[in-house]
Amino acid sequence: MSSYTSSSRLTYSEYLRLNELLELQSGEIGCEREINNDETHFIIIHQIFELWFKLVLSELRCARNLLMSSHVEESDIPKVVGHLNRVTEICRLMANQWKVMETLSPQDFLVFRDKLGTASGFESWQMRELEFLMGLKNDERNKGMDPLAHYRKLADENPVYLQGLKKLEETIKEPSLEEVLQKWLERTPIQGSFLGGENDEELVEDFVEKYLGAMDNLNQKLLEQMIEHSSVDKKTLEERFNANIKSAEEYLRPEGKISRSRAGLLFIEAYRELPLLAWPRKLIDSFVELEESMVLFRTHHARMVERIIGRRIGTGGSSGVDYLDATTKYRIFKDLWGVRTILIKNSSLPPINNSEMYGFSKTK
Ligand code: HEM
C-alpha cells in the first residue's frame, strides 16, 4: 500500500486500488482486442460474484470459528448470527443480480460464447470452497461429483488452478459449519440435563419417548377427523400417518440409538419461547435462512440460464439447466429442515422440567 501513496493523504482511489481494479475487465490477459459492451457486462457480473464469494467465505469462517469452540459463550451466539445474516443478505443480493445478467439476450450471448470454449462457472473454486466450508459431501452431489478430482485435473492442465486446488485441499480438512453446528446442538441442555451429566441418557430418552407419544396422540385425533372429512381413503390416510410417526422415530433414533443433537434441536424448536433458548433458536433460524437463500441463488441462476441458453449443454460440459436444477435439491443442514416435519403445537408438548433453568417458570 505504501508504494502507492504519493502524498501523505490516503486517497479513495489508493485505498480501494481502483486503478488496478478497473483495469481488470478487458477479458483475457494480453488480449488487445476491444470487447463489446455485452461482454464487459458478462465479465463484470462474474467478477462481482467472485468478490461476494470472497466475503462470504471469510464470514462463514468467522461463524465457524466461533461455533467450533467446545464451550461457546452465550455472548458469541449473536456474533455467529451476525456473520450468517450477512451471508444470507449477500446471497439474496446475488440471487437478484441474475436479473442484470438476464438483460443479455440469447443472441447477444452467442456473439462471444464460443470464445469461452470450455470455461464455465463450474470452475469457480470459491464456489466449491463455500460448499466444502458449509459441509456439502461428495455423495450428496449430483452423480457423486468430486470437485477435488476435477480441480486436480484442471491444475494439471493449467497452473492457474494450483492456487484454487491448494485452497480446496486445505478447506476440505477444516471442520465444516454443519459439523460444528451438530456438535453445538449435541450439547443443548435437554429437560435441564447436560451432555455427560448424571442420568442424561435416561432423561433424554424419556423426553423423546414422551414427545413421540404426544405426537402419536395428536396424529390419531387428526386421523379420525380426516377419515370423516377427507376425500382420501382410510387405508391411505392411515399409511401416511404411520409413515409420519415412523419417520419421526427414525429421525430421533437413527439406527435405533438416540441422536442427542437432533433431540437438542427438537428441544430448542419445541420450547422456543423459553428465554434461554431465544438466541439458540435465532441461530438455527439463521442457518435455515442461509440455506434457503443459497437454494434461491441456485434456482435463479438456473432460470436465468434457461432463459439465455435454453436446454443446450453448458460450456463446462454439464447437461446445463438440468444439472443446475439438480443442485437446487442440495440440502446441507438437513436436520434443521427435517425437524420441521415432526413439530407439534405448543399445547400438546410434554411438560418442561427445570423451566427456571431456561429463564422462567412455565406452568403447563
Ligand atoms: C450468460 C450467463 C451464464 C450462463 C449461460 C451460465 C451457465 C451455466 C451452466 C450451463 C452451468 C453448468 C456447468 C456447465 O456445464 O457449464 C453453470 C454453472 C455455474 N455457473 Fe453459470 N452461467 C452464467 C453466468 C454465471 C455467473 C455470472 C456466475 C457467477 C460467478 C456463474 C456461476 C456459476 C457457478 C458457480 C456454476 C457452478 C454451479 C454448481 O456446480 O453448483 N454463472 N453456469
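**Reading the labels**

Reply: Happy to! Among the elements that cover the buried residues of helix H10 are helix H11 (234-252) and helix H12 (260-270). Do keep in mind that this is a predicted model.

Me: Which residues of H10 are buried?

Reply: In H10, the buried residues are Val204, Phe207, Val208 and Tyr211. The word is used when 20 or more other C-beta atoms lie within 10 Å of a residue's own.

Me: How do you know that the length of H10 agrees with what a helix of its residues should span?

Reply: Helix H10 runs over residues 200-229, which is 30 residues. The expected span is 1.5 Å times one less than the number of residues, so H10 should span 44 Å. Its end C-alpha atoms are 43 Å apart, and therefore the two values agree.

Me: Why does Leu104 count as partly exposed?

Reply: Leu104 has 19 C-beta neighbours inside 10 Å. Buried needs 20 or more and exposed needs 12 or fewer, so with 19 Leu104 counts as partly exposed. You will find Leu104 in the loop between helix H4 (77-101) and helix H5 (106-116).

Me: What does Leu104 touch, leaving out residues up to four places away in sequence?

Reply: Leu104 touches Asp38, His41, Phe42, Phe109 and Ile308. Take Asp38: it is 66 residues from Leu104 in sequence, yet their C-alpha atoms are 6.8 Å apart in space.

Me: What makes Val295 partly exposed?

Reply: Val295, in helix H13, has 17 C-beta neighbours inside 10 Å. That count lies between the limits of 12 and 20, so Val295 is partly exposed. Leu185 is 110 residues from Val295 in sequence, and the two C-alpha atoms are 23 Å apart in space.

Me: How many residues surround the ligand, and which are the closest?

Reply: The ligand is surrounded by 25 residues, and the closest are Ser120, Gly121, Gly314, Gly316 and Ser318. Helix H3 (37-67), helix H13 (278-309) and helix H14 (321-327) are the elements that each give two or more residues to this shell. By kind, the shell has twelve nonpolar residues, twelve polar and one charged.

Methods
Residues are numbered from 1 along each chain as its sequence is written. This is a predicted model: local features need pLDDT of at least 70, side-chain atom pairs count only at pLDDT 80 or more; totals for chains, interfaces and linings use all residues. A residue is near a molecule or strand if its C-beta atom, placed from the backbone, lies within 6 Å of it. Helices (H or I, at least four residues) and strands (E, at least two) are DSSP runs, numbered from the N terminus. Ala, Val, Leu, Ile, Met, Phe, Trp, Tyr, Cys and Pro count as nonpolar, Asp, Glu, Lys and Arg as charged, and the others, Gly among them, as polar. Two residues are in contact if their C-beta atoms, placed from the backbone, lie within 7 Å.
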